[in-house]
Amino acid sequence: VLAIWHQLTKSEIPELAKASVLMRDRSRVEETIQAMQRAGPDALQVISDFDMTLSRFAHNGKRCPTTHNILDNDLLINDTCKKMIRELLNTYYPIEIDATRTVEEKLPHMVEWWTSVHELLIQQKIRRDLLAQAVKQSSAMLREGYKVFFDRLQEQQVPLLIFSAGLGDILEEVIRQNHVFHPNVHVISNYMDFDQSGVLRAFKGQLIHTFNKREGALLHAAHFRELKERPNVLLLGDSLGDLTMADGLAHTQHALTIGFLNDQVEERKESYVNSYDIVLVKDETMDVPNAILNYIT
Ligand code: TMP
Ligand code: MG
């Protein structure tokens with residue numbers, strides 16, 4: 001039976017045979033895809049990270065900005081603040097992706113990073129009415145094939161939860177400007193709180209950083225309860241912390257996790273293959289998720 005499954009997905013989803021696609025257990029992946037296909041789109045939900053998962057890591061050899069880094073614009077912040085935010089990135093990003101440290105070791109550093117950046121942003125009195133322009137001027141890009149991904153989920157009425165430790169206001173603007181902020185899209189993220197004159201004064205709710213998405217998921221349990229009729233989950237992420245995004249779900253039947261391995265490939269390959277069902281190495285496209293969705297919906 002396994003051999004037949006192997007044949008089937010090989011011919012139906014040739015994207016899975018690409019050299020950049022790594023799998024710890026190909027048969028299990030194929031069985032899961034088959035089971036999801038049998039259950040159909042009504043049983044499916046998709047949970048995805050945003051920065052460096054739906055958005056590109058790089059384009060033509062140049063790094064693309066995360067939602068936080070989109071704010072690195074003269075419209076919004078002064079040079080001193082820019083410099084400080086860049087220094088924080090240079091200090092903390094290597095810790096975020098360090099293969100030699102545990103999540104527990106990274107946690108306090110991530111809280112420090114996010115808290116410092118958010119304080120700086122508040123000091124800059126960022127204006128809400130300039131955010132759209134900053135997004136337009138940025139080099140932020142969604143992965144190649146993003147439109148097929150978002151449009152198909154909308155057509156099939158499959159809910160897409162974007163669960164981001166980035167900035168919700170910016171993320172929404174990016175997907176709006178790319179014309180894919182469809183009604184089936186829900187966002188859990190860090191949202192800005194503006195005063196009456198439209199100036200940033202705080203951040204709403206509990207801080208979400210890369211490694212506390214589990215707590216965020218449990219906090220939003222009500223959202224997940226609404227989706228309990230959809231027992232199958234496709235999860236997309238680029239950080240090992242993203243794997244906890246589905247922890248708010250109580251009744252999962254079949255889950256398939258896809259991880260984009262963008263950076264520090266050799267150092268992190270083993271841990272990614274051990275943690276994600278499918279690992280996409282330096283792949284700036286949505287080709288694999290799209291091919292899987294095309295097959296199961
Ligand atoms: P994500 O959960 O949507 O991927 O967003 C988190 C990413 O944002 C994470 O990889 C670190 C990154 N980040 C920056 O690039 N700059 C910053 O100032 C902060 C706080 C985070
Ligand atoms: Mg990410």
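Student: What spacing do the donors of the magnesium ion (ligand 2) follow along the chain?

Tutor: Good place to start, and keep in mind that this is a predicted model. The magnesium ion (ligand 2) is coordinated by Asp 49 (OD), Asp 51 (O) and Asp 238 (OD), at 2.1 to 2.2 Å. Read along the chain, these donors give the spacing D-x1-D-x186-D.

Student: How many residues apart are Asp 49 and Asp 238, and where do they lie?

Tutor: Asp 49 sits in the loop between strand E2 (44–48) and strand E3 (58–59). Asp 238 belongs to the loop between strand E9 (232–237) and strand E10 (254–261). The pair therefore links distant parts of the chain, and under the DSSP naming of strands the two residues are 189 residues apart.

Student: Is Asp 49 buried or exposed?

Tutor: Buried means under 20% relative accessible area. Asp 49 counts as buried because its relative accessible area is 4%. Asp 238 is buried too. For Asp 49, then, the word is buried.

Student: How much space lies in the largest pocket, and which element gives the most to its lining?

Tutor: About 1100 Å³ of space lies in the largest pocket, and 50 residues line it. Those residues divide into 20 nonpolar, 15 polar and 15 charged. Several elements each supply at least two lining residues, including helix H3 (67–70), helix H4 (79–96) and strand E5 (160–167). The top contributor, with seven residues, is H4.

Student: Why does Thr 66 count as buried?

Tutor: Thr 66 is one of the residues that lie nearest the centre of the largest pocket, and its place is in the loop between E4 and H3. Leaving aside neighbours within four places in sequence, Thr 66 is in contact with Asp 51 and Met 52. Buried means under 20%, so Thr 66 qualifies with a relative accessible area of 19%.

Student: Which residues touch the most other members of the largest nonpolar core?

Tutor: This core has 92 residues. Take Leu 121: leaving aside neighbours within four places in sequence, its contacts include Leu 71, Ile 77, Leu 167 and Phe 203. The residues touching the most other members are Leu 121, Phe 149, Phe 150, Ile 162, Ile 278 and Ile 292.

Student: What volume does the largest cavity have?

Tutor: A search of the whole structure finds three cavities of 30 Å³ or more. The lining of the largest cavity includes Gln 206, Leu 207, Glu 215 and His 220. By class, that lining has three nonpolar, four polar and one charged residues. The volume is about 60 Å³.

Student: Which residues other than glycine have a positive phi?

Tutor: Most residues other than glycine have a negative phi. Lys 125 is exposed, with a relative accessible area of 57%, and lies in the loop between H5 and H6. Gln 264 is partly exposed, at 31%, in the loop between E10 and H11. Two residues with a positive phi are Lys 125, near 50 degrees, and Gln 264, about 55 degrees.

Note on methods. Residues numbered from 1 in each chain as written. Chains lettered and ligands numbered in written order. Predicted model: local features only at pLDDT ≥ 70, side-chain atom pairs only at ≥ 80, totals over all residues. Heavy atoms only, no water. Donors = N, O, S within 2.8 Å, 3.2 Å for Na, K, Ca; no water. Helix = DSSP H or I, 4+ residues; strand = E, 2+ residues; numbered from the N terminus. Buried < 20%, exposed > 50% of the residue type's maximum accessible area, 1.4 Å probe, protein only. 1 Å grid on protein atoms, 1.4 Å probe; cavity = no way out; pocket = protein on both sides within 12 Å on 5 of 7 lines; lining within 4 Å. Points joined across faces, edges and corners; volume = space filled by probe spheres on them. Nonpolar A, V, L, I, M, F, W, Y, C, P; charged D, E, K, R; others polar. Core = buried A, V, L, I, M, F, W, Y, C linked by side-chain atoms within 4.5 Å. Contact = heavy atoms within 4.5 Å.
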